[in-house]
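User: Could you walk me through how this one is put together? I'd like to go helix pairs, then the sheet, then the chain contact.

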There are 2 protein chains.
Amino acid sequence: MKGKYCCGELKTRVAAIAAKAGIPAQDAAAIADVLVTTDMRGIHSHGVVRLARYLDCIKAGGIKPATEPVVLKESPNSLMVSAAGGLGIPAAMKAMGMLVAKMENQAIGIATVNHSDHYGAAGCYAMMAADRGYVGFSMSNTCPLVAPAGGRAAAIGNNPFAYAAPGKKYRAVLFDVCMSKVAAGKLVIAAEAGKRIPADWILTRDGRPTDDPNEIWHDAVMLPFAEHKGYGFAAMVEMMTGVLAMSGMMSGVHSWNTQPGRDADTGHAFIVVNPEFFGGKDAFAGRTDAMIEELKRCPTVEGVSEVLYPGELEWRREADALTNGLTLPAASEKELERAALTAETF
Amino acid sequence: MKGKYCCGELKTRVAAIAAKAGIPAQDAAAIADVLVTTDMRGIHSHGVVRLARYLDCIKAGGIKPATEPVVLKESPNSLMVSAAGGLGIPAAMKAMGMLVAKMENQAIGIATVNHSDHYGAAGCYAMMAADRGYVGFSMSNTCPLVAPAGGRAAAIGNNPFAYAAPGKKYRAVLFDVCMSKVAAGKLVIAAEAGKRIPADWILTRDGRPTDDPNEIWHDAVMLPFAEHKGYGFAAMVEMMTGVLAMSGMMSGVHSWNTQPGRDADTGHAFIVVNPEFFGGKDAFAGRTDAMIEELKRCPTVEGVSEVLYPGELEWRREADALTNGLTLPAASEKELERAALTAETF
């Protein structure tokens, strides 16, 4: 099917494909929810385009389709979890869910996940906290993709990081970035669309600038945003995921794109803050609104019609997809069809 | 005195000047330690160059020189503190000190400070945690200085953020940034040196590009790094400091440069993570070393001799200043002399 999707129907379809590949129903539903929601927010690089690759990894033995996360250590406000080589999305949802459940009488809490895999868009887990009135942080390492400042080889992951904070009139502030100039998924989409890219996004594997997004399939090296700043934030995420979570770190994380049969050993970390231990949840949400409104009042540079608060574009797109249906890019359509075919072979 | 300073003697001198202005001895020593240590690390924009301005604010009534921070709310792993209109550096040191003291049996903890002022270099407080084997985060809002992506007015602070994580062979990874393309202090130093700046660092107050750093004294608008990414990180810090800490937020924070008589109402937030609740402090520090060494092995682009880990340059400069003495830039010398003269008038 091409054209507009009903979001709920698409979730059902994605979950059915995942289940067909041996993923337990609850986990398949979690994957469908995270991927389709991400498409609804317009982040197609991290939406259903990813499903076929998850199935490739399961087929190749790199991801176990039906494992339960194991709690390795626990305290009243912390969890150290192993995803036991399973899928990243359900493991992350379970870890963040367990953490949020601990938060009512805690000012701050933390959960780490090791031995995991690609967890989709970081912001989805941060929103699990914001939807309960908490501030949420979410981060993950990835296989080496980004050159440190001054380097010409992929030494560190592009290490996505997100936070979300609830508003009152406004749903939430939501910010979700990776540390490279652009997300790997954007390169994938450019490659599928046959487009060239700006020459300062990536280096070839031997350190030369290039405008060919297909280099992403040949060990391209991504450059960090704002040079040492992006590099430093990538190192922060590596600290919290690889180093702290006792997961794979740096070259110990394996690419699910180029090595689908390898255990990725990805790490995630989640932090939740409870405003009740400060000015209270209600005051916090009201103040978030005030911050948003002050940002919206900012006059714009020529050619820009309004200042957006972080997440505003995503909420507009999500509302539009719910009301008018969701349009997927060609690359997502193609990968979704490939996922359906792959699932048939399980 | 011009030329090289003995670091210890310079701290004594800075503390004596601060004390002369009515700052209690312990707080004066804290200020001297933070400012001189920052110069030793080569971050002259946040070193002793700032002292005279602190005294200007005290003289103008904008900062109270001798207040004690007040704990407004407390839990086993959290503190909500008011600096009660006092100096930022001693308030931040006390809040982070109290938080670190809570951490032995906690996986994660948080302290916020409101009604504070400029707290110097964010990284100094993150290092208080790293020096005890913990991961430390430190952040502060500032008066509006930065345009949000698409905006042409200063709507949000440049909101410094730092983290530090301890190593074993290596002292620590230390990362300390603001969200504008450059720190305001760098503009001050360029202005004092009579230098021009790249045209994409700031806008004039009416939204025009400029290469004149003196515009910083005329309500210049700083641009965020990496457009929406720097903007989003600035909003994150504003969330944790202004919104959560119940301090001034956005335009509610007042410039200590242009309005020394105004209560700045700055907010700070600190987070500490204890690796004992994950793989253990020893394993963590060893893994930090491994991460550092993997970064150091990365081959470099032409013209760069080595990849540096975050903080490496600062540790080299600090060791050099301890061994060979500290050289201050002319602007710092001048402001230090002005501070000494100002202190005489108290």
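Analyst: Let's start with a helix pair: H3(A) and H10(A) are roughly parallel to each other, a label for angles under 35 degrees, with over 145 counting as roughly antiparallel, 65 to 115 as roughly perpendicular and the rest as oblique. Bear in mind that this is a predicted model, where local features need pLDDT of at least 70, side-chain atom pairs count only at pLDDT 80 or more, and totals for chains, interfaces and linings use all residues. Residues are numbered from 1 along each chain as its sequence is written, while chains are lettered from A and ligands numbered from 1 in the order in which they are written.

User: At roughly what angle do the axes of H3 and H10 of chain A cross?

Analyst: Helices (H or I, at least four residues) and strands (E, at least two) are DSSP runs, numbered from the N terminus. Here they are H3 (residues 51-60) and H10 (residues 330-344) of chain A, whose axes come within 7 Å. Axes are lines fitted to C-alpha atoms, for helices over the stretch in contact, and angles run from 0 to 180 degrees between N-to-C directions. On that basis, the crossing is at roughly 30°.

User: Which handedness does the crossing of H1(A) and H2(A) have?

Analyst: H1 (residues 7-20) and H2 (residues 25-40) of chain A pack at about 135°, with their axes 8 Å apart. That angle makes H1(A) oblique to H2(A). A crossing is left-handed if the near helix is turned anticlockwise from the far one by less than a right angle, and right-handed if clockwise. H3(A) passes H10(A) in a left-handed crossing, but for H1(A) and H2(A) it's right-handed.

User: In what order do the strands of the open sheet in chain A run?

Analyst: Two strands pair if DSSP finds at least two bridges between them. S3 (residues 78-82) and S4 (residues 108-116) of chain A run parallel and are joined by 5 bridges, though the sheet has mixed pairing overall. Its 7 strands go S2-S3-S4-S10-S5-S6-S7.

User: Which strands are the edge strands?

Analyst: Follow the order S2-S3-S4-S10-S5-S6-S7 of chain A out to its ends. An edge strand here pairs on one side only, and that picks out S2 (70-75) and S7 (172-177) of chain A.

User: Which strands does helix H4 of chain A touch?

Analyst: H4 (residues 88-101) of chain A packs on the sheet, its direction making about 160° with that of S4(A). Contact means that two residues have their C-beta atoms, placed from the backbone, within 7 Å. By that test, H4 touches S3, S4 and S10 (266-273) of chain A.

User: Which element gives the largest share of the side of chain A that touches chain B?

Analyst: The contact takes 59 residues from chain A and 58 residues from chain B. Several elements each supply at least two residues of chain A's side, including S2, S7 and H8 (281-296). The largest share is 10 residues, from H7(A).

User: What kind of axis relates the two copies?

Analyst: Copies are superposed by least squares on the C-alpha atoms of residues with pLDDT of at least 70 in both. A rotation of 180° with 0.0 Å of shift along its axis puts chain A on chain B (RMSD 0.0 Å). The two copies are thus related as by a two-fold rotation axis.

User: Which residue of chain A comes closest to that rotation axis?

Analyst: The copies meet through the same surface, because 98% of the interface residues of chain A are also interface residues in chain B. Going by C-alpha, the closest approach to the axis in chain A is 2.9 Å, and the residue is A:Ala226.
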